[in-house]
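This briefing covers helix packing, backbone geometry and model confidence. Please consult the sequence and structure shown here alongside it.

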Amino acid sequence: MPIQKCNHFLRDAFDGALLFGLGKINEIRPTFERRLKFNGVIFLSRSRNERLYIGPFNLVKTLWNHSNPLLPSDLAPELSLKKRAEGPVHDQTLDCLIIGGGPAGLTAAIYLARFHLDILVVDGGKSRAAWIPCTRNHAGYPDGIAGTELLQRMREQACKYGAKIVTEHVTKLERDEATGLFTATWGSGTATARTVLLATGVTNRRPPMDEELHADALARGLVRYCPICDGYEVTDKKVGVIGSDSHGVAEALFIRSYTADVTLIAPDKSLNLKSDDQKKLKEAGIGCVDGPAQAAAITGDCIVVDTAEGHYSFDSIYPALGSDTHTQLGEMVGATLADDGCFLCDDHQRTSVPGLYAAGDVVHGLDQISHAMGEGGVAATTMRNDLCAQEPRWRGATVEMEEAAEGS
């Protein structure tokens, strides 16, 4: 079917604002055999290998080139704007921006990419999962898997379906009350998005020890932070717990079900425990040592801790010093926090701010990879459904579908 004339416009995929009009095209080359129009996109084709979509920028795809143009040469300046669609993804308005590349954020990225949404993950590279030398309670890996390898596999899976991931630390998040759009800022750029998922996690407070010693001890399992994750690995071992409040007591009692040799050590001063806590420790046969305490050295397969009462050697130590929840970005746009300092979310991971979601350790719940992944999946599905409720995302027919319809 030859093309005679057409009026059409290119519209910005950011918010539908009119950028410019190409006006009437009086002479489109007769070598085009058909024009198909669906979902507001004009499709021009000369063959299956030469196609041009004129429509929302996020749909612009072309094999057009100056040596063999599909359209008259006087349209070249307008068509040069296609470069905007081919530029860095964070130069466009995204459907979803994910801040944080741990298990929650990457699970969400996999889901959202497979929902055919335009997404970007900005990851500061500080996921606690990367600290894990080998996790053996993550389903599907009977022999365990290193945290770094698990994260890499998840990144590859997300990218396979179209997700983009950049390694940056987001320092600022803003929300335009008029449009509802979010703008995130980091060292080398910004991104604007219709929705944002905060999967920024928490950071464990470390015991006083040399940085290199900490890294070495962590890699060898001499320092551990999650008895739920790896308590099994200290079965019948000699374990020290560094902590002095009820949190330290609770962790020592939890580990007691794995080994009979547990010692609670005060981190910075003498233990000051409630009488009820003292009774629980005594009944469990857990020893108590006054601080201050400092992990001083690695000897063989043990770690040595200096205390006010002398040197103690352990197969592993568990710092029970609490953690810092990374909620700063959400607070910048007014997200409400729960009493425990985590984001207050509904059952579908929505925060108190429209368009802002949270998942993983930054939300109240069990700090586990599996739990974070589950919340990432819930958040991603909610984000997709909320976006589609605002504007249906009907997928256009393929060329083959249109050809089949014409021939039927």
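Helix α7 passes helix α8 in a left-handed crossing, a term for the near helix being turned anticlockwise from the far one by less than a right angle, with clockwise being right-handed. The model is predicted: local features need pLDDT of at least 70, side-chain atom pairs count only at pLDDT 80 or more, and totals for chains, interfaces and linings use all residues. Residues are numbered from 1 along each chain as its sequence is written, and side-chain values use heavy atoms, with hydrogens and water left out.

**Packing of α7 with α8**
- The axes of α7 (residues 246-255) and α8 (residues 275-284) come within 11 Å and cross at roughly 20°; helices are DSSP runs (H or I, at least four residues) and strands are E runs of at least two, numbered from the N terminus.
- Axes are lines fitted to C-alpha atoms, for helices over the stretch in contact, and angles run from 0 to 180 degrees between N-to-C directions.
- The two helices α7 and α8 are therefore roughly parallel to each other (under 35 degrees; over 145 is roughly antiparallel, 65 to 115 roughly perpendicular and the rest oblique).
- S246, V249, A252 and L253 of α7 meet D277, K280, L281 and A284 of α8, contact meaning heavy atoms within 4.5 Å.
- The residues of this contact of α7 with α8 comprise five nonpolar, one polar and two charged (nonpolar: Ala, Val, Leu, Ile, Met, Phe, Trp, Tyr, Cys and Pro; charged: Asp, Glu, Lys and Arg; polar: the others, Gly among them).

**Packing of α3 with α4**
- Helix α3 (residues 103-114) packs on helix α4 (residues 147-160) at an angle of about 20°, with axes 9 Å apart.
- α3 passes α4 in a left-handed crossing.
- Residues of α3 that meet α4 include L106, I110 and A113, and their partners in α4 include L151 and M154.

**Backbone geometry**
- Most residues other than glycine have a negative phi, and most peptide bonds are trans.
- D236, in the loop between α6 (227-230) and β13 (238-242), has a positive phi of about 60°.
- D236 counts as exposed at 66% relative accessibility, whereas Q349 is buried at 7% (buried is under 20% relative accessible area, exposed over 50%, partly exposed in between; 1.4 Å probe, protein chains only).
- Q349 has a phi near 75° and is found in the loop between α9 (328-332) and β21 (356-358).
- The peptide bond from G291 to P292 is cis, with omega near 5°.

**Confidence**
- The protein averages a pLDDT of 81, the predictor's confidence in each residue from 0 to 100.
- Over residues 1-89, pLDDT stays under 50.
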